[in-house]
Amino acid sequence: MLIAALEDAAGPAIVLDAGLAVLHATAGAERLIGAPVPAGVSLVKTLCGQADDRPIAASLAAGLATSGTVERPAPDGTTRILRVRATPIQRDQRRIGWLVVLDRADHAEADSAAPAVLFHGMWTRDPAMKRVFHVIARAAAREVGVLVRGPTGSGKELVAHAIHALSPRAKGPFRAVNCAALPPNLLESELFGHVKGAFTGAVRDSPGIFRAAHRGTLLLDEVAEMPLELQAKLLRVLETRTVIPVGSTDAVEVDARIVAATHQPLRAAVEQGRFRADLMYRLRVVPVFLPPLSARRGDVELLAHKFIAQLNEQDGRRIARIAPGALEALEDYAWPGNVRELRSALEYAYVIGDGAVLVETDLPPEVSGAAVDVGRNASPVVGGTEQPEAHRIRMVLERAAGNRERAAQMLGISRVTLWRRMRTHGLLDPEEIAAAGE
């Protein structure tokens, strides 16, 4: 029963003693290997044979946790590729054995065993993402306009931070502004500053974010949403390297490198008359295209383990491994919210689940496949059971101690979107709805 429970929780597995000899192999592990794995045999010889390159064997011999792929002959005469993850079992700071977990990997998945790269907060094994890192490093060294394009949650601000850190301006300030988050009049003041009395509420001078980024880097996020009249003023700033605060006629010198970011093609915005072509050419000298997480399937497991390691540092639940079913669900999900949504899903798993193994039922319903589309006007309770999204929001709010800003970040959505979903599911107080004029 214990061995059956082990396979249910971890998948096909082999337990080794401290000397790397087999103590027990589950039936699933023997099926994957294609031969019996009796107690006492050397796992290294069983898996790796006499191959010249044996990185898994080398890591185990050094006492290091490891993962990778090995080739095994299949019954039909072809080659079967197995993915291997080995974790030491320790008691009282002493290694007493190993847990080795196996599963199938096709040739595309075998590529995911390529070395992982950490680049200024961004992890990847994906070759396309590694090429993006190379472009970022080359562009950072030159004072050229960089336009970062990628879907929501793909890491555009991390790219901007990397450009700043790798540039000659690294010791200067880094500032960011979301051009879609403010109405035009407030955005102009936020960018260029204002003088006292420029408008109602301007009780003192404000330097603006351009001057705050002097001799540093300024990220203009969602730049495609900037109104046309402000685009003309931004172009003037880039050409003259001066800003004119709202309510003033005096130009002030500024020296800030601009990194622009957007989730939509700027060329399409130009064709639609929503963006100035001359400004696009100033901002888009070096375009950086971030691939969505759905195009980096091999990175899902890597990122999941990195996020779990970070979450394990918090008080509360500690996760030692991801069950095979949960990992399959994570890898099969489309991740429309990209890396940000993946982290949110794992934070949700910490809220919902218990124990050292992250199982499929810990995951958000949309990831595990348990979500049910009940329509926008459905009641928040169906058959006495709270709907999955309503339950998720309630649990995350509890985790965030009622802080909606933090809860929205954990869910991978904006605070406004969180408010709307809370209203849909009846999670708002009637007084709050009335105060909003609804």
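Me: Which residue stands opposite Arg 149 in strand 13?

Reply: Strands here are DSSP runs of E of at least two residues, and helices are runs of H or I of at least four, numbered from the N terminus. Two strands pair if DSSP finds at least two bridges between them. In this case Thr 262 of strand 13 stands opposite Arg 149. This is a predicted model, in which local features need pLDDT of at least 70 and side-chain atom pairs count only at pLDDT 80 or more, while totals for chains, interfaces and linings use all residues. Residues are numbered from 1 along each chain as its sequence is written, and side-chain values use heavy atoms, with hydrogens and water left out.

Me: How many bridges join strand 8 to strand 13, and how many join strand 10 to strand 13?

Reply: Strand 8 (residues 146-149) runs parallel to strand 13 and is joined to it by four bridges. Strand 10 (residues 216-221) is also parallel to strand 13, with five bridges. Within the latter pairing, Leu 218 has Ile 258 as its bridge partner.

Me: Is strand 13 buried or exposed?

Reply: A residue is buried under 20% relative accessible area, exposed over 50%, and partly exposed in between (1.4 Å probe, protein chains only). Seven of the seven residues of strand 13 (residues 256-262) are buried, so the strand is largely enclosed by the rest of the structure. Ala 256, Ile 258, Ala 260 and Thr 262 point one way, Arg 257, Val 259 and Ala 261 the other, and all are buried. For the protein, buried residues make up 44% of the 438 residues.

Me: What is the strand order in the open sheet of five strands?

Reply: The order is 2-1-5-4-3, with antiparallel pairing. Strand 2 (22-25) and strand 3 (66-73) are at the edges with a single partner strand each, so one side of each has no neighbour in the sheet. From one strand to the next, the twist averages 25°; axes are lines fitted to C-alpha atoms, for helices over the stretch in contact, and angles run from 0 to 180 degrees between N-to-C directions. Strand 3 and strand 4 (residues 79-91) run antiparallel and share eight bridges. There, Ser 67 stands opposite Arg 85 of strand 4.

Me: How is an aromatic pair described?

Reply: The distance of the centres and the angle of the planes describe a pair of aromatic rings. Rings of Phe, Tyr and Trp (its six-membered ring) pair if their centres lie within 6.5 Å; planes under 30 degrees apart are stacked, over 60 edge-to-face, and the rest tilted. The structure holds three such pairs. Among them, Phe 192 and Phe 210 are stacked, at 5.9 Å centre to centre and 25° between the planes. This pair links helix 8 (residues 184-192) with helix 9 (residues 209-212), the two residues being 18 apart. Both Phe 192 and Phe 210 are buried. Tyr 333 and Trp 335 have ring centres 4.6 Å apart and planes at 90°, so this pair is edge-to-face. Tyr 333 and Trp 335 are buried as well.

Me: Which residues are in contact with Arg 274, leaving aside its neighbours within four places in sequence?

Reply: Contact means heavy atoms within 4.5 Å. Arg 274 is in contact with Ala 224, Met 226, Leu 228, Gln 231, Gln 264 and Ala 269, its neighbours within four places in sequence being left aside. Arg 274 lies in the loop between helix 11 (266-271) and helix 12 (277-283). Its relative accessibility is 31%, so Arg 274 counts as partly exposed.
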